[in-house]
Amino acid sequence: MLTQQDNELICRTGPDTAMGNAMRRFWLPVMQSSDMPLPDGDPQTIEVLGQRYVVWRDQQGRPGLYAEGCLHRGASMQLARAEGDGLRCIYHGWKFAVDGTVLDTPNVTDPRFKDRIKGRTYPVREAGGLLWAYLGPQGEEPPFPHWAFMDQPDAHRINARAIVNCNFVQVMEGLVDSSHLTVLHGSALARTNDSDLDYAKKTSHMQFDASPKIEADETDFGFHYVAIRETDGKRIARVTAFVTPCFIANANGDVWLAIVPIDDERCNFYHVWWDAEKPIGEEPLRSAQLTFVGLDEPTLRKYGMTADTCDSPAAMSVANGFGQDRARQRNGHFTGLDSITQEDAACSISSGPIRDRSLEMLSTADLAISRLQRTLLACARAERDRKEIPALRAEGGRAIGVSAEIAEDEDWRRLVPHHPIVSSGAARA
Ligand code: FES
Ligand SMILES: [Fe+2]
């Protein structure tokens, strides 16, 4: 349970909010490379943390992220002309390179004027099929994170993005909530019995034991937690890592997730799978994986989870019954929703645009949820109180998720020996 004040503190991420400013101190993924404009193509507007930006690539393919409004008098850079080495604002013709260098100011006679000013652009990098941006105070960016999937070529990686119409915190809570898997995804997990996908093999055992034992440790990068299930006389430990402020290394070991607010009531949910051995980024493996979890384009569009459908009547809501197929449910499917992605999204969205956490009743099953809430609170409070933000300088990319069998008397922490623990097992629901 959180007070309404604390709930607001972790959920609000717009300009001049504590959590929003804290998040701006980190490198964040803001777009998939596959969704970006082609070199010298049309600029494109995106929204991150309640603010709009314009993305563009110059003719050399270098990415640029511009504040939406032109430096001069604020016309949108989305209207700008793509001119090879820079974007030219159509209002008075000021022209900006992707690094903010001002190339031309045709309505100013002084030719040196442009050398004294700088366009409003932000540091960006491309890695792992994502465009990353640093939106915080100038010159204070932390080291760029290095995650295992960034070392994989495109053919060995799957990137997928879903838009979820609710606050980012409730989506993240679902990702550190192992006990819902057995229940909510029961029908989807039953399909794993007949699937050859690695993903299916890694999740199949979760059909059994709906009350896993949960423990959580605070680490230097955020926290990790375990869900231990007993099935067929085996103890299976699933360790998930949460990396501040919005990253998750899933216990499957080959799935990484980032949840980045678009605004306070909508978020981008980025997924990355990788496999050094198999070209999972190529067909038919790519589509098989995406379809299995409901991240294929037709299913996302059916539920209003793409950029062009998230404001349409298809978007999950009370009015359309969240897209639930009640006949299918009566015929035995547990939820009547297409797959895991839609089941998670329906539960997250249905509790309101920003869930009121003063009304919730956490239990021992929710140790990781309460740990997440406290991790986010610490992050927001540090920013508010002008203290060092926890995890900002930690090497979050070293955090991994892992799932493995452990012996009766074995400590699950040996599965993640390199995760530096700050405080152990003390999470309270
Ligand atoms: S507003 Fe862009 S050049 Fe004047
Ligand atoms: Fe889920």
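How many residues does the hairpin that joins β17 to β18 run through? The hairpin passes from one strand to the other through 2 residues. The points below concern a predicted model, and they begin with its overall dimensions.

1. Overall form. The protein comprises 11 helices and 20 strands. Its C-alpha trace spans about 80 × 45 × 45 Å along the principal axes. A compact globule of 429 residues would have a radius of gyration near 22 Å, and the value for the protein, 22 Å, therefore agrees with that expectation. Of the 429 residues, 47% count as buried. Among contacts between residues at least 6 apart in sequence, 61% join residues at least 24 apart.

2. Domains. The domain assignment divides the protein into domain 1 (27-134) and domain 2 (148-423). The centres of the two domains, taken over C-alpha atoms, are separated by 33 Å. Domain 1 contributes 13 residues to the contact and domain 2 contributes 14 residues. On the side of domain 1 that touches domain 2, the elements giving two or more residues are β1 (27-32) and β2 (44-48). Of these, β1 gives the most, with 4 residues. The residues on that side of domain 1 divide into 7 nonpolar, 5 polar and 1 charged.

3. The sheet β5-β6-β7-β8. These 4 strands form an open sheet in the order β5-β6-β7-β8, with antiparallel pairing. Its edge strands are β5 (81-82) and β8 (102-104), each of which pairs on one side only. Within the sheet, β6 (residues 87-88) and β7 (residues 95-96) are paired over 2 bridges in the antiparallel sense. Here R88 is placed opposite K95 of β7.

4. Strand β17 and its partners. Strand β17 (residues 255-263) is mostly covered, with 7 of its 9 residues buried. Strand β16 (residues 247-249) pairs with β17 in the antiparallel sense over 3 bridges, and the bridge partner of A249 in β17 is W256. The hairpin of β16 and β17 has 5 residues between the strands, and G253 in this hairpin takes a positive phi near 90°. Strand β18 (residues 266-274) also pairs with β17 in the antiparallel sense, over 8 bridges.

5. Helix α11. This helix (residues 367-384) has 18 residues and reaches 26 Å from its first C-alpha to its last, close to the 26 Å expected at 1.5 Å a residue. Its buried residues are L367, A368, I369, R371, L372, Q373, T375, L376, C379, A380 and E383. An α-helix has 3.6 residues a turn, so residues three or four places apart point the same way. Such spacing can be followed through L372, L376, C379 and E383, which are among the buried residues. The cover over the buried residues of α11 includes the helices α1 (4-11), α2 (18-24) and α3 (168-175), together with the strands β13 (213-219), β14 (222-231) and β15 (234-243). After α11 comes R386, with a positive phi near 55°.

6. Helix α1. Which residues of α1 are buried? They are N7, L9, I10 and C11. These buried residues pack against α2, α3 and α11.

Notes. Residues are numbered from 1 along each chain as its sequence is written. Chains are lettered from A and ligands numbered from 1 in the order in which they are written. This is a predicted model: local features need pLDDT of at least 70, side-chain atom pairs count only at pLDDT 80 or more; totals for chains, interfaces and linings use all residues. The expected span of a helix is 1.5 Å times one less than its number of residues. A residue is buried if 20 or more other C-beta atoms lie within 10 Å of its own, exposed if 12 or fewer, and partly exposed in between; C-beta atoms are placed from the backbone. Two residues are in contact if their C-beta atoms, placed from the backbone, lie within 7 Å. Domain bounds come from an automatic or database domain assignment. Ala, Val, Leu, Ile, Met, Phe, Trp, Tyr, Cys and Pro count as nonpolar, Asp, Glu, Lys and Arg as charged, and the others, Gly among them, as polar. Two strands pair if DSSP finds at least two bridges between them. The radius of gyration is taken over C-alpha atoms; the globule rule is 2.2 Å times the number of residues to the power 0.38.
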